[in-house]
Amino acid sequence: MAADDDALKDLIRGAGLRVTRARLTVMRLLSHVEGPVSHAEVNASLTGDGWDRATLYRNLIALTEAGLLRRVDVGDHVWRFERVPESNHAHVEHHPHFLCTACGDVACLPELAIQAPASAVPRALAAGQVSIQLRGLCDECIAI
Ligand SMILES: [Zn+2]
Ligand SMILES: [Zn+2]
């Protein structure tokens, strides 16, 4: 939607990046998915539209370095990407990720987010370079 795109363009410019069609496409995708997505999943969603894998990867990294996305590691050696929530400046939000040990699905648990004060905690925590993980069976797998 056009209004959505305008907000995303502002966000990309605000992070000091030039707005390109690839960046907008990646941000749009990551704004509409639930849970973090891997490069492979981004490819699966977008290569049908003519995007090539290298372009998508480069832009995932550029958006991550600009602070608009972050990499999530749930311990299965797959980097996943998600949008960094727009938050206030005094706190960094960390939400846990739930990894299903049967199907490998990863879900965000924003309801369980912790707010780390920007001071008096390890620097990695204040900078958002930590991960909180929960493991178990997702609803679909537990029903089998
Ligand atoms: Zn599962
Ligand atoms: Zn998440």
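This is a predicted model: local features need pLDDT of at least 70, side-chain atom pairs count only at pLDDT 80 or more; totals for chains, interfaces and linings use all residues.
Q: Where does H77 lie, and what is its phi?
A: H77 belongs to the loop between β2 (69-73) and β3 (79-83). Its phi is near 65°, a positive value in a residue other than glycine.

Q: What makes V42 buried or exposed?
A: V42 has 23 other C-beta atoms within 10 Å and is therefore buried, as the limit for that class is 20 or more. Of the 144 residues of the protein chain, 17% count as buried.

Q: Which residues does V42 touch, leaving aside those up to four places away in sequence?
A: V42, which lies in helix α3, touches V26, L29, V37, L56 and L60. Such a contact requires C-beta atoms, placed from the backbone, within 7 Å of each other. The C-alpha atoms of V42 and F81 are separated by 9.3 Å, although these residues are 39 positions apart along the chain.

Q: How many helices and strands does the protein chain have?
A: The chain has six helices and eight strands. Helices are DSSP runs of H or I with at least four residues, strands are runs of E with at least two, and both are numbered from the N terminus. Along the sequence they follow the pattern α-α-β-α-α-β-β-β-β-β-β-α-β-α.

Q: What makes the relation of α2 to α4 parallel, antiparallel, perpendicular or oblique?
A: The axes of helix α2 (residues 21-31) and helix α4 (residues 53-65) come within 9 Å and cross at roughly 75°. Therefore α2 is roughly perpendicular to α4. Axes are lines fitted to C-alpha atoms, for helices over the stretch in contact, and angles run from 0 to 180 degrees between N-to-C directions. Angles of 65 to 115 degrees count as roughly perpendicular, under 35 as roughly parallel, over 145 as roughly antiparallel, and the rest as oblique.

Q: Which residues of α2 and α4 meet?
A: A22, R23, V26 and M27 in α2 meet T55, L56, N59, L60 and L63 in α4. This contact comprises six nonpolar, two polar and one charged residues. Ala, Val, Leu, Ile, Met, Phe, Trp, Tyr, Cys and Pro count as nonpolar, Asp, Glu, Lys and Arg as charged, and the others, Gly among them, as polar.

Q: Why are α3 and α4 called oblique to each other?
A: Helix α3 (residues 39-46) and α4 cross at roughly 125°, with axes that come within 10 Å. The two helices are therefore oblique to each other. H39, V42, N43 and L46 of α3 and R53, L56, Y57 and L60 of α4 make the contact. By class, these are five nonpolar, two polar and one charged.

Q: How do you know that α2 is roughly perpendicular to α3?
A: The angle at which α2 and α3 pack is about 105°, and their axes are 11 Å apart. That makes α2 roughly perpendicular to α3. T25, V26 and L29 of α2 and V42, S45 and L46 of α3 form the contact, which has four nonpolar, two polar and no charged residues.

Q: How do you know that β5 and β6 pair?
A: Two strands pair if DSSP finds at least two bridges between them. Strand β5 (residues 97-100) and strand β6 (residues 106-108) have three bridges and pair in the antiparallel sense. F98 has A107 as its bridge partner in β6, and H97 stands opposite C108.

Q: What makes the pairing of the sheet that holds β5 mixed?
A: Whereas β5 and β6 are antiparallel, β5 and strand β8 (residues 133-136) run parallel and are joined by four bridges. The open sheet of three strands has the order β6-β5-β8, with mixed pairing. Its edge strands are β6 and β8, each of which pairs on one side only.

Conventions: Residues are numbered from 1 along each chain as its sequence is written. Chains are lettered from A and ligands numbered from 1 in the order in which they are written. Two residues are in contact if their C-beta atoms, placed from the backbone, lie within 7 Å. A residue is buried if 20 or more other C-beta atoms lie within 10 Å of its own, exposed if 12 or fewer, and partly exposed in between; C-beta atoms are placed from the backbone.
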